[in-house]
Amino acid sequence: MNKAFTKEPEGDDDDDDSPGLPPLPAGTRNYLTPEGYKRLRAELMSLLDVERPKVVEVVSWAAKNGDRSENGDYLYGKKRLREIDRRIRFLTKRLDIAEVADPSAHFGNDQIFFGATVTYANEDGDERTITIKGIDEADNLKGEVSWISPIARALLKARVGDEVSLVTPGGLEKLEVVEVAYPKPEPQA
């Protein structure tokens with residue numbers, strides 16, 4: 001059969017999660033810091049207002065050039081449109097259930113909540129600092145972990161000086177909370 005008459009599998013529309021991102025636990029909100037929300041919203045607006053219209057223009061131009069089965073601009077453009085539309089659906093769903101939690105509301109508190117920057121020590125005395133962020137904004141390379149990660153769940157609600165247990169593949173590990181910090185609230189204008 002001619003390639004022009006075959007349909008590429010687009011996958012299940014409900015499977016819009018980006019690769020590498022864990023699904024949200026059932027029935028939970030998508031907690032984000034104000035900066036994380038702004039970043040996701042800016043990405044969505046950029047896709048809708050800039051990138052998608054450019055690709056649509058290229059695809060419509062390429063479609064007018066005749067045989068679509070061997071038209072690279074048309075085939076690549078259609079594929080890119082599907083990718084953009086999938087990302088738009090994903091971002092829209094995530095932002096619809098987003099709950100912006102400002103970590104600066106806990107400034108000066110020694111208890112660990114969403115948005116805290118926590119320094120903890122393991123049994124050997126090795127210290128590590130992490131920041132608890134939303135699933136869509138956490139970056140392990142920057143020392144940020146998602147609030148649903150095992151380490152964040154073990155630390156949440158603990159206070160400075162508390163000892164918490166973390167289940168790891170190597171067994172149970174005891175961690176001591178050394179320091180908890182939150183960003184300073186920005187002055188109201």
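Reply: Tryptophan 147 counts as buried because its relative accessibility is 12%, and the cut-off for buried is under 20%. The model is a predicted one. Tryptophan 147 belongs to one aromatic cluster with Tyr31 and Phe114.

The structure holds two aromatic pairs. In one of them, tyrosine 31 and phenylalanine 114 have ring centres 6.1 Å apart and planes at 45°, so this pair is tilted. Tyrosine 31 is in strand E1, while phenylalanine 114 is in the loop between E2 and strand E3 (117-121); the two are 83 residues apart, and their pair links distant parts of the chain. Phenylalanine 114 counts as buried because its relative accessibility is 13%. Tyrosine 31, at 26%, counts as partly exposed.

Tyrosine 31 also pairs with tryptophan 147, and here the arrangement is edge-to-face, with 5.2 Å from centre to centre and 85° between the planes. This pair, too, links distant parts of the chain: tryptophan 147 sits in the loop between E5 and helix H3 (150-155), 116 residues from tyrosine 31.

Glutamate 137 touches Tyr31 and Phe114, and its other contacts include Leu32, Arg39 and Glu144. Glutamate 137 lies in the loop between strand E4 (127-133) and strand E5 (144-146). Glutamate 137 is buried yet has no salt bridge. The nearest side chain of opposite charge, arginine 39, is 4.1 Å away, and a salt bridge is counted within 4 Å.

Notes: Residues are numbered from 1 along each chain as its sequence is written. This is a predicted model: local features need pLDDT of at least 70, side-chain atom pairs count only at pLDDT 80 or more; totals for chains, interfaces and linings use all residues. Side-chain values use heavy atoms; hydrogens and water are left out. Helices (H or I, at least four residues) and strands (E, at least two) are DSSP runs, numbered from the N terminus. Buried means under 20% relative accessible area, exposed over 50%, partly exposed in between (1.4 Å probe, protein chains only). Lys and Arg count as positive and Asp and Glu as negative; His and the chain ends are not counted. Contact means heavy atoms within 4.5 Å. Rings of Phe, Tyr and Trp (its six-membered ring) pair if their centres lie within 6.5 Å; planes under 30 degrees apart count as stacked, over 60 as edge-to-face and the rest as tilted. Lists of a residue's contacts leave out its neighbours within four places in sequence.
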